[in-house]
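User: I would like a close look at a single part of this model. Please keep it brisk and connect the details.

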Amino acid sequence: MQSRLVVLVSGAGTNLQALLDACGDESYGARVVAVGADRDGCVAFDRARGGGIPTFTHRIKDFSERTHWDRALTESCRAFQPDLVISAGFMKLVGPAFLAAFGGRFINSHPALLPSFPGMHGVRDALQYGVKVAGCTIFLVDAGVDEGPVIAQQCVPVRDDDDEASLHERIKVAERALLTATVGRMVREGWSVHGRKVRFGR
Ligand code: GRF
């Protein structure tokens, strides 16, 4: 039985592509059943459509209140009956309706080693701080900003001549591998949460 993944995106969608590629192998244990976005014109949508995968878009500016946007996003995801929802470069914080529906099975990928450098500019902030290792974190989303329980992390070196773009590219290589490996383990092995600790296995 293949687990059903809904992936949320805002941009290039290279993490989505990595998931699509992983799902091409039946033994991976999952398939992407829908891709959602918060804006028009995401390159990620071309990747989804190339794979014949349905897409949906909800732009916050089209709603009178953010809670209405949150409900619309929730209902669109729910319609595809996901086992796991994955924020892969989705640049919006979801609200209470979404977390009530998908809390505990909604994961995000962040391009920094949390709890250091949460927020929109994790790569830039890490570089400015002068860290010697950077990396990425896959975590279960809760109501905080990049604060939920950590599922997996991977570090990468920071080079003296790095700028934000070069460091982010190195992180994204690690991030794609970590995201696909982590999602694969979650769908095949299950997971449980003990306080802040996430363990694979049922
Ligand atoms: C990733 O590094 C993600 O962690 C960050 O934005 C990037 C998205 O990349 N929030 P892509 O759209 O998957 O290529």
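This is a predicted model: local features need pLDDT of at least 70, side-chain atom pairs count only at pLDDT 80 or more; totals for chains, interfaces and linings use all residues.

In which loop is Pro115 found?

Analyst: Pro115 lies in the loop between strand S5 (106-110) and H5. A cis peptide bond joins Leu114 to Pro115. Its omega is about 10°. Most peptide bonds are trans.

The crossing of H5 and H6 is right-handed. H5 brings Val123, Arg124 and Leu127 to the contact. H6 brings Glu164, Leu167, His168 and Ile171. By class, the residues of this contact are four nonpolar, one polar and two charged.

Helix H6 spans residues 164-189. It also packs against helix H1, residues 14-23. Here the angle is about 40°, and the axes are again 9 Å apart. H1 and H6 are therefore oblique to each other. H1 passes H6 in a right-handed crossing. On the H1 side, the contact is made by Thr14, Asn15, Ala18, Leu19 and Ala22. On the H6 side, Lys172, Glu175, Arg176, Leu179, Thr180 and Val183 take part. The residues of the contact of H1 with H6 divide into five nonpolar, three polar and three charged.

H1 has another partner, helix H2, residues 43-50. H1 and H2 pack at an angle of about 15°, with their axes 9 Å apart. They are therefore roughly parallel to each other. Their crossing is right-handed. Thr14, Leu16, Gln17 and Leu20 in H1 meet Ala44, Arg47 and Ala48 in H2. The contact of H1 with H2 has four nonpolar, two polar and one charged residues. Thr14 is in the contact with H2, and Thr14 is also in the contact with H6.

Now the ligand. The residues around it are Ala12, Gly13, Thr14, Asn15, Gly89, Met91, Ser109, Pro111, His168, Lys172 and Glu175. Several of these names have come up already. Thr14 and Asn15 belong to the H1 side of the contact with H6. Lys172 and Glu175 belong to the H6 side of that contact. His168 is part of the H6 side of the contact with H5.

An oxygen atom of the ligand is 2.7 Å from an N or O atom in the side chain of His168. For Ser109, a polar backbone atom is 3.2 Å from an oxygen atom of the ligand. For Ala12, a polar backbone atom is 3.4 Å from an oxygen atom of the ligand.

One backbone detail remains, in another loop. Gln81 is found between helix H3 (66-79) and strand S4 (84-87). Its phi is near 45°, a positive value in a residue other than glycine. Most residues other than glycine have a negative phi.

Note on methods: Residues are numbered from 1 along each chain as its sequence is written. Side-chain values use heavy atoms; hydrogens and water are left out. Axes are lines fitted to C-alpha atoms, for helices over the stretch in contact, and angles run from 0 to 180 degrees between N-to-C directions. Helices (H or I, at least four residues) and strands (E, at least two) are DSSP runs, numbered from the N terminus. Angles under 35 degrees count as roughly parallel, over 145 as roughly antiparallel, 65 to 115 as roughly perpendicular and the rest as oblique. A crossing is left-handed if the near helix is turned anticlockwise from the far one by less than a right angle, and right-handed if clockwise. Contact means heavy atoms within 4.5 Å. Ala, Val, Leu, Ile, Met, Phe, Trp, Tyr, Cys and Pro count as nonpolar, Asp, Glu, Lys and Arg as charged, and the others, Gly among them, as polar. A residue is near a molecule or strand if one of its heavy atoms lies within 4 Å of it. A polar contact is a pair of N or O atoms within 3.5 Å; within protein, one must be able to donate a hydrogen and the other to accept it, and residues adjacent in sequence count only if both atoms are side-chain atoms.
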